[in-house]
Amino acid sequence: MPNYVCKLDKALYGLKQAPRAWYSRLSTKLSELGFVPSKADTSLFFYKKGQVSIFLLIYVDDIIVASSVPDATSTLLQELSKDSITLSIF
């Protein structure tokens, strides 16, 4: 039996598909919550119901949320964390 040494060039989290999979999971969850993707920019999602408007912009691994009602932002972040979508709030 030969003795081989293998070198790992990339870890799984470093694969090119990882960001695409994360974006797919996030966009699916946002659609379930009633967000609509922008036709002009694939990284922009918006939600409008009554007096509540929320804009969510995804940039690489950052998310920017702007809302007409502060409680709506908190509710959105709670919903995303229920689905184990990792969020760091700064």
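Visitor: Which residue in S2 stands opposite Pro37?

Guide: Pro37 stands opposite Phe45 in S2. A word on the ground rules: this is a predicted model, in which local features need pLDDT of at least 70 and side-chain atom pairs count only at pLDDT 80 or more, while totals for chains, interfaces and linings use all residues. Residues are numbered from 1 along each chain as its sequence is written, and side-chain values use heavy atoms, with hydrogens and water left out.

Let's begin with the sheet. Helices (H or I, at least four residues) and strands (E, at least two) are DSSP runs, numbered from the N terminus, and two strands pair if DSSP finds at least two bridges between them. S1 and S2 run antiparallel and are joined by 2 bridges. They belong to an open sheet of 4 strands, in the order S1-S2-S3-S4 with antiparallel pairing. S1 and strand S4 (62-67) are at the edges with a single partner strand each, so one side of each has no neighbour in the sheet. On the way across, S2 and S3 pair over 6 bridges in the antiparallel sense, with Leu44 opposite Leu57 in S3. These two strands form a hairpin with 2 residues between them, and Gly50 in its turn has a positive phi of about 60 degrees. Another 6 bridges join S3 to S4, again antiparallel; there, Tyr59 has Asp62 in S4 as its bridge partner.

Back to Phe45 itself. Phe45 is buried, at 2% relative accessibility (buried means under 20% relative accessible area, exposed over 50%, partly exposed in between, with a 1.4 Å probe and protein chains only). Phe45 belongs to the largest nonpolar core, which has 10 residues in all, including Leu26, Phe35, Ile54 and Leu76. Helix H1 (17-32), S3 and helix H2 (70-82) are the elements that give two or more residues to this core. Such a core is a set of buried Ala, Val, Leu, Ile, Met, Phe, Trp, Tyr and Cys residues joined through side-chain atoms within 4.5 Å. In soluble globular proteins, nonpolar side chains tend to be buried together.

Now for the rings. There are 2 aromatic pairs, counted where ring centres of Phe, Tyr and Trp (its six-membered ring) lie within 6.5 Å; planes under 30 degrees apart are stacked, over 60 edge-to-face, and the rest tilted. Phe45 pairs with Tyr23 in a tilted arrangement, 6.3 Å centre to centre with 50 degrees between the planes. This pair links distant parts of the chain, since Tyr23 lies in helix H1 and Phe45 in strand S2 (residues 44-49), 22 residues apart. Tyr23 is partly exposed, at 28% relative accessibility. The other pair, Phe35 and Tyr47, is also tilted, at 5.4 Å centre to centre and 40 degrees between the planes. Here Phe35 sits in the loop between H1 and strand S1 (36-37), 12 residues from Tyr47 in strand S2. Phe35 is buried, with a relative accessible area of 6%.
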